[in-house]
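Me: I would like to learn how to read the packing in a protein model. Please take me through one case.

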Amino acid sequence: MMNYTFDDLTRDLMIGHELHFRYNGKNYYISQSQGGWVLTRFDQQYELFESQAALLQGGKIDGKSLREIWDEVEVTDLF
């Protein structure tokens, strides 16, 4: 997806969308589970957050926030 901004991500998560994306040659997934929202790297590493807002604020990849890396992310699927 071209020009998928962090604001787009925020809006889409708040209305319940999930997505796949690539960053630094690795595949990631943001999804809902019974326990909340999950940020998963496809090799089974994950973080669980109580809400979309908590994920957007606290989710980190390679020690950086999602906002910091978002311009380097390639969104591959939106559900």
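Me: Leaving aside neighbours within four places in sequence, which residues is Leu66 in contact with?
Reply: Contact means heavy atoms within 4.5 Å. By that rule Leu66 touches Phe6, Phe21, Ile30, Leu39, Leu55, Gly59 and Ile61. This is a predicted model, in which local features need pLDDT of at least 70, side-chain atom pairs count only at pLDDT 80 or more, and totals for chains, interfaces and linings use all residues. Residues are numbered from 1 along each chain as its sequence is written, and side-chain values use heavy atoms, with hydrogens and water left out.

Me: How many residues does the largest nonpolar core have?
Reply: In soluble globular proteins, nonpolar side chains tend to be buried together. A nonpolar core is a set of buried (under 20% relative accessible area, 1.4 Å probe, protein chains only) Ala, Val, Leu, Ile, Met, Phe, Trp, Tyr and Cys residues joined through side-chain atoms within 4.5 Å. Here the largest has 20 residues, and Leu66 is among those with the most contacts inside it, as are Leu9 and Trp70.

Me: How is the aromatic pair of Phe6 and Trp70 arranged?
Reply: A pair of aromatic rings is described by the distance of the centres and the angle of the planes. Rings of Phe, Tyr and Trp (its six-membered ring) pair if their centres lie within 6.5 Å; planes under 30 degrees apart count as stacked, over 60 as edge-to-face and the rest as tilted. Phe6 and Trp70 are edge-to-face, with 6.4 Å centre to centre and 75 degrees between the planes. Both residues are buried.

Definitions and conventions. Buried means under 20% relative accessible area, exposed over 50%, partly exposed in between (1.4 Å probe, protein chains only).
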